[in-house]
Amino acid sequence: MSEGTFPDQRRFIRDDDYQAAYKETLAETLDLRNWDLGFDPKTILKRFKEQVGHAVRDEDALRDFIREEFFPRLKRPRDAPECAGVYPASMERLAIVHESLLFPGRVEAVNSTVVSHDSLPIAITQIGVAIVGYGGNTGVFSQRLFRKELSSHTDGRKLVREIFEKRQARAMDEEEDTLSKLASRNIRAHAELALLLDRSNAPWRMGYGNPCSRELLSGSGYSSLLEASLELLQRLVRDHQKFVFVPNSLDDRGLLTFGNALYGGEYAIIDTLVDESAYIVNRWNYDDADRKKAMAFVKEYCPHIVRGLFRASDQSPPYLFYAHREHVHVAAHVAMADSILRRERGFPMLLDVADVACRGAFGSEGFLGMVNDAYAQAGAKFHYANERKRRP
């Protein structure tokens, strides 16, 4: 097994980098003479209004430029998909999607939640996944992983040194705690996709995030997980095709900048996932066989997955979406039809419903209650509790 990670992308931040971002030097920020004494809501609110007002006006000017200069050029790159461009959503088609797909339950969405507990004797990770549709058919699925570094069969002579080294390594560099990442990210992403494909019966499937995420394309260095994930993705692209994935984050700020130039009720088709997925594969530390498998998938299947942006209403922010190129226009209308049910949020409500179902069944409160009860039954009610949990 290769425990691959991306190379360290951190770099030293120079003083002029800080000044360019915050419009003041780092020394000025650190100087306590420039800090406010006490709490003056009137002064603070005035500054908020000034700063937000300037930022919004600058963004509006950028929006106009993007609409005039960038949108007309979407079709020009040689590697752009044939469907690239900006389109107004059809109100008639949105109504059809409501009546024939969404409300009869012919679209189902998957979302998940993960909660964890970590202490000296044991780490517990709980993954919950929900499938929901407006037709009333729902299912919730869960898995719990128990990580113990001690074993009753451990040789006593090696015990102290081995356990010390393992635990100190986790404490010194949390980013290198590959097993915890595997449980909370990679297995979770794999489970979402597997359930979307194998436990949903709806013609259209809706997922959260990027279907070709780093978690699925890397397998976290585990060849068996990589192979299983690629098999799922191949089935999604080759056999199912009627899918739409929508993330809800600011990770892709550059693309969302272009999305912000869309009017409410518009969507744009930008590119395929070839370049982004190839970038992930090229940066990951696979062994040679796994790298070939991952890159072969990217070359064969990622040209069929297109990336776009939509904005459900003028009151809502833009969101990315991913779909099969053969069904991208219907996919955009499915995402937008579900999103206009709450115009101020403009995000697919089915994904939010699935999230609520997950948290209701597998949220942190119930999980920690069971964990604390188990400690109490073991005679260690507060012995291993996190210090922050005991604060008054």
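Start by selecting helix α13, residues 349-362. Inside it, pick out Arg 359 and Asp 355, which sit 4 residues apart, about one turn of the helix. Now show their side chains: the two form a salt bridge, with the closest N and O atoms 3.0 Å apart. Keep in mind as you click around that this is a predicted model. Is Asp 355 buried or exposed? Its relative accessible area is 19%, and because the cut-off for buried is under 20%, Asp 355 counts as buried.

Select β7 (residues 266-272) and β8 (residues 305-311). Which side chains meet in a salt bridge here, N to O at 2.8 Å? They belong to Arg 307 and Asp 271. This pair links distant parts of the chain: Arg 307 is in β8 and Asp 271 is in β7, 36 residues apart. Arg 307 is buried, at 8% relative accessibility, while Asp 271 is partly exposed, at 23%.

Now go to Asp 31 and Arg 33. These two also form a salt bridge, and their closest N and O atoms are 2.8 Å apart. Arg 33 has a relative accessible area of 74%, so it counts as exposed.

For your last stop, select three residues at once: Asp 198, Glu 231 and Arg 235. Here salt bridges link the three of them in a network.

Notes. Residues numbered from 1 in each chain as written. Predicted model: local features only at pLDDT ≥ 70, side-chain atom pairs only at ≥ 80, totals over all residues. Heavy atoms only, no water. Salt bridge = Lys/Arg side-chain N within 4 Å of Asp/Glu carboxyl O. Buried < 20%, exposed > 50% of the residue type's maximum accessible area, 1.4 Å probe, protein only. Helix = DSSP H or I, 4+ residues; strand = E, 2+ residues; numbered from the N terminus.
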